[in-house]
Every structure is written in C-alpha cells, then in structure tokens.
Amino acid sequence: MNRRKALVCLCGIGLASLTRGALAKVNLSAIPMKSHETAMRAAIAMAAQNTAYPFGAVITNASSGAILAKGVNKTFENPLLHGEISCINNYVSQYGNKNWADVVLYTTGEPCPMCMSALIWARIGGVVYGSSIASLKKAGIDIFTFTAKEINQGSNFSQTQLLGGILETECNALFMNRKRT
Ligand SMILES: [Zn+2]
C-alpha cells in the first residue's frame, strides 16, 4: 500500500468512527440494572416532597449515571408542573436546551401524554418509569387511557426508548400510601 492509499484508508476509518459516534444513541437495555435502580431511588426521594402526588423525576447522564437534574410534581403552583416537566425545567436551567440525546429521565410513575410528548419534543435519549398507569389508577390517580408507549409510537416526529417497571414495588407503595385529600 502506498502512502496515498494508506492515508485514504486512515481517513476512511476516522470518518466511519466519527459517524458511529455521532449516531450513537442511548441503549437503555445496556445500562446495568443497578444504575437504573440508583437513579430510580433518587426519583423516589424527590417524590417524597409531594405526599399527595408522589411523582418524582431525575435526569441522568446515560453513560456515567450522574444525576444532572431533579423535579417533583408542583401542580399546586402551576398545572404544567408534573414531576417530569419540573425536571426538564431544572435540567435546562443548569445545562441549557442541549445534549438531550445523552440523557435519560427516570420517573416514579408512567408519563402522562403531556409529559411523554414533552420528552419526545426534547428528543431525550430514554425514559424509565416505575409504576404503570394501571397501578396509578389503582392508587386513585386515573389519568389518560393512552399509555406512554402509545404516545411514543404515535409520534411521527421522533421516538425515544421506554423502559417500565424499575423498582415497581417501591413506586407502587409510594402511590398506594399517598396522602389522599
Ligand atoms: Zn405528566
């Protein structure tokens, strides 16, 4: 191989790896269960701040698992402030409206259509939840019949990865034991 051919070859490798890097997306199933559980525990800790609607959320860096932002349901302040939206706001206030593909949002309850849509609009790398909407209904929180999966699949704009049932028993207990008014 002459020098020119070698150079072309090296450039090819460089471009290929760059392209792979740029296209690399979060793979939720590649994240160790221990990391999912650590993040969900942080979401549960946030949820404790709202005893009636214990929806807590955190956003993590998908690679390191570091917690970047936190949120809890504050609908007593503003009807838009579900836990996930509070968390999105907290993230943007610290890091700006960027790097969404590299982060994962963890929430104690399956996102409602508003929150799931917001997460899709953000093009977030992944969404992980504890309690399903069926469990939330059993706890007296009867929201939409649309599941997060249906909202995600129905999006023509972009889709994200979804994973449910992480620390489901703990999250279900949180909602079943909530303070009912
Ligand atoms: Zn919501």
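The pLDDT of this predicted model averages 90 over the protein, and 87% of the residues score at least 70. The protein holds seven helices and five strands. Of its 181 residues, 34% count as buried.

**Confidence**
- Where pLDDT is low, the predicted coordinates should not be read in detail.

**Overall layout**
- Read from the N terminus, the elements run α-α-β-β-α-β-α-β-α-α-β-α.
- Take the contacts between residues at least 6 apart in sequence: 62% of them join residues at least 24 apart.

**The sheet**
- The five strands form an open sheet, ordered β2-β1-β3-β4-β5.
- Its pairing is mixed.
- The edges are β2 (67–72) and β5 (161–163). Each has a single partner strand, so one side of each lacks a neighbour in the sheet.
- Neighbouring strands are turned against each other by 15° on average, direction ignored.
- Helix α7 (residues 168–176) packs on the sheet. The helix touches β3 (103–109) and β4 (126–131). The direction of α7 makes about 60° with that of β4.

- Strand β1 (residues 56–61) runs antiparallel to β2, and five bridges join the two.
- Strands of a sheet pair through backbone hydrogen bonds, either parallel or antiparallel.
- T60 has I67 in β2 as its bridge partner.
- I59 stands opposite A69, also a residue of β2.
- Five residues lie between β1 and β2 in this hairpin. In the turn, G65 has a positive phi of about 80°.

**The nonpolar core**
- In soluble globular proteins, nonpolar side chains tend to be buried together.
- The largest nonpolar core here has 41 residues.
- The members that touch the most other members are A43, V58, C87, L105, Y106 and V127.
- Helix α2 (residues 33–47) gives the most to this core, with six residues.
- V127 is one of the core residues with the most contacts to other members. Leaving aside neighbours within four places in sequence, V127 is in contact with L105, P111, L119, A148, T160 and L162.
- L105, among these contacts of V127, is also listed with the core members that touch the most others.

Notes: Residues numbered from 1 in each chain as written. Pairing = 2+ DSSP bridges. Helix = DSSP H or I, 4+ residues; strand = E, 2+ residues; numbered from the N terminus. Axes fitted to C-alpha atoms, helices over the stretch in contact; angles between N-to-C directions. Contact = placed C-beta atoms within 7 Å. pLDDT = per-residue confidence, 0-100. Core = buried A, V, L, I, M, F, W, Y, C linked by C-beta atoms within 7 Å. Buried ≥ 20, exposed ≤ 12 C-beta atoms within 10 Å, placed from the backbone.
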